[in-house]
Amino acid sequence: MTHELRMVGALMRRGLNEILRVPGGAVPGVLAPTIFMLGLSAVFGRAAQLPGFDATDFRTFIVPVGMLQGAGFTGAATGVNLARDIEQGWFDRMLLAPAPRPVLLAGVVGSACLRSLLPATFLLAVAFALGVDWPGLLELALAAVLVMGLAAAMACWGVVIALRFRTQQAAPLMQMGSFVAVLFTTAYAPRELLSDWLRAIADVNPVTHVLEGVRQGFVGDVTWADTWPALVSVTGLVVVLGALAVRGMRRQGY
Amino acid sequence: MKAAVLGLARRALRNSARKPQFLAPLVIFPTLFLALNVGGLERTTELPGFPRVDGFLDFQLAAAITQSLLLGGVAAGIAVALDIEGGFFDRLIASPIPRVAIVLGSVLAAGVIAVVQVAYFLVLGLAFGAEIKGGVVGVLAVLAIGVVAGTGFGALGVMIALRARNASTVQGIFPIVFVVLFVSSAFFPENLLSSPVDSLAAYNPLSYIAEGMRQPIAFANEAGPFLEGLAAAAGMTAVAIALSVMALRGRLRDA
């Protein structure tokens, strides 16, 4: 068990090293959520004046979306990095290591969890500097857990796609998965203001609960009624997508 | 010269058709954004000061086209950067063709792809209930501005590729596409934008390009916005082509 944990740790460190080794690859993923937050609030800020909008400030409303977008981008980047490792033959060498496939996956996904805190931290620093209210430590800790959980789920999605297509050219598919999952929710407006078709999608999209779980600290108070669906949803996503990723890993090299 | 430009444009188009994974994001991402903006913010048409439109889709179509054309510019840049990385560009330089044709071929291909992009979004809009108020003349006006703008964005992409010389750097400008788009009135009426974006939008050519295309789609044919949009697109295209030719000369000097 100790040996396996050390292996997970080594793989996580390797994933984190990517940030320093290829900063050009990491910077867009770190900047993009903040750019979206700033851009969307500047462009659509007046939407907060609509009757039924439960936040007085659109920027505050959209900050949690940016945090989850960062998690999505990180997950997709994990898939792209794995696809690159497959193309360059490093993944085949990793498969020869005396470690169960789930351990290899845990290392890859674990690094995504930690990396997802980078865009979220940058986004929050900019948001607080621009006057978004401090939600509180407990609220931020809950948000961090949910962001890391979603990053893990999206990394599993990226791994599934990378193992299936075995090329970096599948990157748009990985990015599109996280894009749809995060934004086809109550991202832009409260449920009551969405059009019927988007409300129907948001209602069945588990990421809606995750978003509402992160948002509750920013818009209103944290309640157990909003927290448990978020935790159950993110756990469910990690379990389902993780199972698919493990299945994909087990099929490699045989 | 003409044969070389056409030949290189044909090659660029053939390569694009062979690699749909590069072309698909040009329409898929703007389509998703269009759906999201319309589905999430359709009630914003009720805000005081919002121009009278039949639906938010009518208003947002021009934004989706502009976004798609900008991404087309990134794709054109990536294609040139891949040619540089793969060595094809060096073989082109050694061949007996006018050097300017190397730039113009890629730029022409971007213009042709722009026709497809504009047509796709107009058909998509019609399929989901939008109405092009300007009729056939309006469609031609949108096509005219879209194709000229798409050509210009292609030239900008080529210029960046010639300076950067690698595809990953060109790909890295993706977020910048959104920055320039957000500081324009492409997505929302200028009078409803927050400060200081509302002031910046007045100087952003993308505002005029998007509004030039929006006018015949959401309102009616009117010479003023059309000419402003066309002039902004043509001016931007002329500057972008000049910059890419300069970047090519710089690259040739270094070679």
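This is a predicted model: local features need pLDDT of at least 70, side-chain atom pairs count only at pLDDT 80 or more; totals for chains, interfaces and linings use all residues.
**Entry 1. Chain A, overall**

I began with the secondary structure of chain A, which comes to 11 helices and 0 strands. From the N terminus on, I read the elements as α-α-α-α-α-α-α-α-α-α-α. The radius of gyration of chain A is 18 Å, close to the 18 Å from the globule rule for 254 residues, so chain A is as compact as a globular protein of that length. I then took the spans of the C-alpha trace of chain A along its principal axes, which are about 60 × 35 × 35 Å. Of the 254 residues in chain A, 51% are buried. I also looked up the contacts in chain A with a separation of 6 or more, and residues 24 or more positions apart account for 82% of them.

**Entry 2. Chain B, overall**

I repeated the survey for chain B and found 11 helices and 0 strands. Read along the sequence, the pattern of chain B is α-α-α-α-α-α-α-α-α-α-α. A compact globule of 255 residues would have a radius of gyration near 18 Å, and the 18 Å of chain B agrees with this. The C-alpha trace of chain B spans about 60 × 35 × 30 Å along its principal axes. Buried residues are 49% of the 255 in chain B. Of the contacts in chain B between residues at least 6 apart in sequence, 81% join residues at least 24 apart.

**Entry 3. A helix pair in chain B**

I next examined helix H3 (residues 56-86) and helix H6 (residues 135-164) of chain B, which pack at an angle of about 35° with their axes 7 Å apart. The crossing of H3(B) and H6(B) is right-handed. Which residues meet between the two helices? On the H3(B) side I noted, among them, B:Gly72, B:Gly73, B:Ala76 and B:Gly77. On the H6(B) side the list includes B:Gly146, B:Gly150, B:Gly154 and B:Gly157. By class, the contact of H3(B) with H6(B) has 16 nonpolar, 7 polar and no charged residues.

**Entry 4. Where the chains touch**

I turned to the contact between the chains, to which chain A gives 30 residues and chain B gives 28 residues. On the side of chain A that touches chain B, helix H2 (23-44), H8 and helix H9 (196-204) each supply at least two residues. H2(A) provides the largest share of that side, 10 residues. By class, I recorded 23 nonpolar, 6 polar and 1 charged for the residues of the side of chain A that touches chain B.

**Entry 5. The largest nonpolar core**

The largest nonpolar core has 170 residues, and within this core A:Val147, A:Leu150 and A:Cys156 touch the most other members. I followed A:Cys156 further. Not counting residues up to four places away in sequence, A:Cys156 touches A:Val109, A:Val238, A:Leu241, A:Gly242, A:Leu244 and A:Ala245.

I located A:Arg101 in helix H5 (residues 101-115) of chain A. A:Arg101 has 17 other C-beta atoms within 10 Å and is partly exposed. A:Arg101 and A:Gly248 are 147 residues apart in sequence, yet their C-alpha atoms are 9.5 Å apart in space. With neighbours within four places in sequence left aside, A:Arg101 is in contact with A:Val246, A:Met249 and A:Arg250.

A second case is A:Pro190, in the loop between H8 and H9 of chain A. The C-alpha atoms of A:Pro190 and A:Ala55 are 9.0 Å apart, although the two residues are 135 apart in sequence. Leaving aside its neighbours within four places in sequence, A:Pro190 is in contact with A:Gly52, A:Phe53 and A:Asp54.

**Entry 6. Backbone details**

I checked a cis peptide bond, which joins B:Ser195 and B:Pro196 with omega about 5°. B:Pro196 lies in the loop between helix H8 (174-182) and helix H9 (197-201) of chain B.

I also looked up A:Arg166, a residue other than glycine with a positive phi, near 55°. A:Arg166 sits in the loop between helix H7 (137-165) and helix H8 (171-183) of chain A. With 15 other C-beta atoms within 10 Å, A:Arg166 is partly exposed.

Terms used: Residues are numbered from 1 along each chain as its sequence is written. Chains are lettered from A and ligands numbered from 1 in the order in which they are written. Axes are lines fitted to C-alpha atoms, for helices over the stretch in contact, and angles run from 0 to 180 degrees between N-to-C directions. Helices (H or I, at least four residues) and strands (E, at least two) are DSSP runs, numbered from the N terminus. A crossing is left-handed if the near helix is turned anticlockwise from the far one by less than a right angle, and right-handed if clockwise. Two residues are in contact if their C-beta atoms, placed from the backbone, lie within 7 Å. Ala, Val, Leu, Ile, Met, Phe, Trp, Tyr, Cys and Pro count as nonpolar, Asp, Glu, Lys and Arg as charged, and the others, Gly among them, as polar. The radius of gyration is taken over C-alpha atoms; the globule rule is 2.2 Å times the number of residues to the power 0.38. A residue is buried if 20 or more other C-beta atoms lie within 10 Å of its own, exposed if 12 or fewer, and partly exposed in between; C-beta atoms are placed from the backbone. A nonpolar core is a set of buried Ala, Val, Leu, Ile, Met, Phe, Trp, Tyr and Cys residues joined through C-beta atoms within 7 Å.
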